[in-house]
Amino acid sequence: MYLVGIIEKTCNTIEMNRILEKNNIYKLYTISKMNEKNIDNFKNVKFDVIIINYEISFENCKTNIRNILNNSKIVLLNIDYKRNLKIVENIESQVITYGFNKKATVTITSCDEDNIILGVQRGIMNLKKQKIENQELKYPYKTGEDGMHLYTSLLILRNIVALI
């Protein structure tokens, strides 16, 4: 079982729990939820994957965030928040970006009433040391559902990074 950390806004906790439960994530991974109030508690934890799903704005604990990222194997970063790119500069972990941005490692290429299509833009080495080649992947998604970026990051986690 992989240890996954999710850095998310405090106000999104209820929505995040709903999405995690709905997608059976708690059954597949050990999840630690972090936010600006509790990030310091995780500074010595070695995560397999860290998901950064919103724009990090808590300046006083950036050193701890960088330590957490450096101690992780893979960082999944929502690239739609450009300010986050600075926090992953010069870290040792593999960074996989995702979002609508065309420069993302995994882009949301299409999202309609029933499906979301993710495009792997360049090769990714997953946690099992397998290379994931460029491809498009189609998944069910209900338009208007809250937490689209979190849902996308969990799809990437489950179907690309961890292959569970």
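Biologist: How many bridges join S5 to S6?
Modeller: This is a predicted model. In it, S5 and S6 run parallel. Across this pair, tyrosine 98 stands opposite valine 106 of S6. The number of bridges joining S5 to S6 is 2.

Biologist: Do S6 and S7 run parallel or antiparallel?
Modeller: A hairpin of 3 residues takes the chain from S6 to S7. The two strands are joined by 5 bridges. Their direction is antiparallel.

Biologist: Which residue in S7 is the bridge partner of cysteine 111?
Modeller: Cysteine 111 falls within strand S6, which spans 106-111. S6 is joined by bridges to S7, and strand S7 covers 115-120. The partner in S7 is isoleucine 116.

Biologist: Which element gives the largest share of the largest nonpolar core?
Modeller: The largest nonpolar core holds 27 residues, and Val106, Leu118 and Val161 are among those with the most contacts inside it. Elements giving two or more residues to this core include strands S1, S3, S4, S5, S6, S7 and S10, together with helix H4 (148-161). The largest share is 5 residues, and the element that gives it is H4.

Biologist: Leaving aside neighbours within four places in sequence, which residues is valine 49 in contact with?
Modeller: Val49 is one of the residues with the most contacts inside the largest core. Contact here means heavy atoms within 4.5 Å. With neighbours within four places in sequence left aside, the partners of valine 49 are Leu3, Val4, Gly5, Ile74, Leu76, Leu127, Leu157 and Val161.

Definitions and conventions
Residues numbered from 1 in each chain as written. Predicted model: local features only at pLDDT ≥ 70, side-chain atom pairs only at ≥ 80, totals over all residues. Heavy atoms only, no water. Core = buried A, V, L, I, M, F, W, Y, C linked by side-chain atoms within 4.5 Å. Buried < 20%, exposed > 50% of the residue type's maximum accessible area, 1.4 Å probe, protein only. Helix = DSSP H or I, 4+ residues; strand = E, 2+ residues; numbered from the N terminus. Pairing = 2+ DSSP bridges.
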